[in-house]
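Look at the structure first, then read on.

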Amino acid sequence: MIRKQVGLRIRELRTQLGLSQEKFGLEVGLDRTYIASIELGKRNVSILNLEKIWTGLKVSPKNFFDSDLFNGDKSYGK
């Protein structure tokens, strides 16, 4: 569950910035396929890589998790 929530949140914030997975991956130093697998909830992401992602998304950890995705709203993303 948490992998899917994290992935959806990354996708949400990345698309708000108008970045493709490839461009975003280049900016944060992570492969596009790795970004894609995180967004699909198929990969566990390390805290070190999550820090790179937060930085690239221009959000703090607090702002990253301040979403209905993590606050029990089961209808989010459906």
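The side chains of glutamate 12 and arginine 9 meet in a salt bridge, 2.4 Å from N to O. A salt bridge here is a side-chain nitrogen of Lys or Arg within 4 Å of a carboxyl oxygen of Asp or Glu. The model is predicted: local features need pLDDT of at least 70, side-chain atom pairs count only at pLDDT 80 or more, and totals for chains, interfaces and linings use all residues. Residues are numbered from 1 along each chain as its sequence is written, and side-chain values use heavy atoms, leaving out hydrogens and water.

Both partners, glutamate 12 and arginine 9, sit in helix H1, three residues apart, about one turn. Helices (H or I, at least four residues) are DSSP runs, numbered from the N terminus. Arginine 9 counts as buried because its relative accessibility is 9%, and buried means under 20% relative accessible area, with a 1.4 Å probe and protein chains only.

The structure holds four salt bridges. Three of them are listed here.

| Pair | N to O distance |
|---|---|
| Glutamate 12 – arginine 9 | 2.4 Å |
| Glutamate 39 – arginine 14 | 2.6 Å |
| Glutamate 27 – lysine 23 | 3.8 Å |

Glutamate 39 lies in helix H3 and arginine 14 in helix H1, so this pair ties together parts 25 residues apart in sequence. Both ends are buried: glutamate 39 at 2%, arginine 14 at 7%. Arg11, Arg14 and Glu39 are linked in a network of salt bridges.

Helix H3 spans residues 32–39, and six of its eight residues are buried. Its cover includes helices H1, H2 and H4.

Terms used:
Buried means under 20% relative accessible area, exposed over 50%, partly exposed in between (1.4 Å probe, protein chains only). Helices (H or I, at least four residues) and strands (E, at least two) are DSSP runs, numbered from the N terminus. Contact means heavy atoms within 4.5 Å.
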